[in-house]
Amino acid sequence: MAQRDYVEKDYYAALGVSKNADQAEIAKAYRKLARELHPDARPNDARAEERFKAVGEAYSVLSNPEKRKEYDQVRQLVDSGAFRTDGGPGGFGGFPGSGPGAGGQAFDINDLLGGLFGQAGGPGGPGPGGQAGPFGGNRGRRSGARRGRDLATELTLAFDDAMAGVTTTLRVAGRATCSTCRGSGAAPGTSPITCTTCQGRGSVARDQGMFSFSEPCPTCGGSGQQIPTPCPTCKGTGAETRTRDIRARIPAGVKDGARIRLKGQGEPGTTGGQPGDLYVTVHVTPDELFGRRDDDLLLRVPVTFTEAALGTKITVPTLSDPVTLKVPAGSESGKTLRVRGKGVPKSGGGRGDLLVTLDVTVPRKLNRAQRKLLEELAATDGGSPREHLERRLREQQRV
């Protein structure tokens, strides 16, 4: 957003809403105008295209609470007549040396309004969140500073390691702080010097009539420094392309497909900017025994027909110590037994549960003794388990 836009443009009028409109009204007005003015809806209409851009610009400011607050403060000064944008009589009324009587002197709007967004540090201090306000009042921050790019990599873990958590080494290829100059950009034995154009400020003033707007210094690119003897490795950029090893702690219980952010481990920033982040996508290999559902572990355990019918005790593994479970008499295949606190470690502490599902197995081959015993058992059965089906069959046969 250009610095003078806050002074010259009425974003509320662009959207057709009042200054007291809430976020829902602003969003509704934007969507309506965006549909009406979209180039697909009004092709070859240059005026509609310009309004479409203006509406988008207005919404980008008014939909952001911090930007809207700053914009409202500037508009209050404009509406109160504290200064005017037409350069006529009364321009910058109330400020020393303002108006035509100042001999045509240009005033730096950054100096006049810097204190508006720098309450903590006085004029020229940082705005909300320690950032420069819309008029660049933060003199301590280089206007050319850029955050480094984020990087991405992948990591494959065994199931047990994912459950326990591990510290591992990631090999990442990309731009990194220069190993020769340690990021200064200057050849060993030399140092950067203060920029002779901007005197280390990182920005220069550009006159626009009565206004003077700041822009990045063309000589140093906003860094405030010049490098007489650039580093032979990075050519003065402070970064080089290489492979580096990064130690990373993967938390216990990480899920397959999880994306972990390692702050500040991406590419280095330029001209004093913050480094980017590294995003690690984790792949977890399936386990031969355990499955997973959210924070619960899943385990299927086969039991014999007689164990299910008579009841028994079974011992099953967990992620730590084995546990013994009681299988109730008459358990059917698919019955699930819950063991609390033996599941996946949770990020906030504690663990999920272990869910043990019974699979009742039926022998495929019987010897004579087994067959005889089962036939005797069948002869003692008190009724058919398919009585509800047989009743329906009898009704159909009568029809």
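Residues are numbered from 1 along each chain as its sequence is written. In this predicted model, local features need pLDDT of at least 70, side-chain atom pairs count only at pLDDT 80 or more, and totals for chains use all residues, while side-chain values use heavy atoms, with hydrogens and water left out.

The chain holds ten helices and 16 strands, taken as DSSP runs (H or I, at least four residues, for helices; E, at least two, for strands) and numbered from the N terminus. Of its 399 residues, 34% count as buried, that is, under 20% relative accessible area with a 1.4 Å probe and protein chains only. Among contacts (heavy atoms within 4.5 Å) with a separation of 6 or more, 61% join residues 24 or more positions apart.

Leucine 377 lies in helix α9, residues 368-379, and is partly exposed, with a relative accessible area of 41%, a class that falls between the 20% limit for buried and the 50% limit for exposed.

Elsewhere in the description comes an open sheet of four strands in the order β11-β12-β16-β15, with mixed pairing, where two strands pair if DSSP finds at least two bridges between them. The strands β11 (291-293) and β15 (336-339) stand at its edges, each with a single partner strand, so one side of each is left without a neighbour in the sheet. Strand β15 runs antiparallel to β16 (residues 354-361), and four bridges join them; threonine 336 stands opposite threonine 357 in β16.
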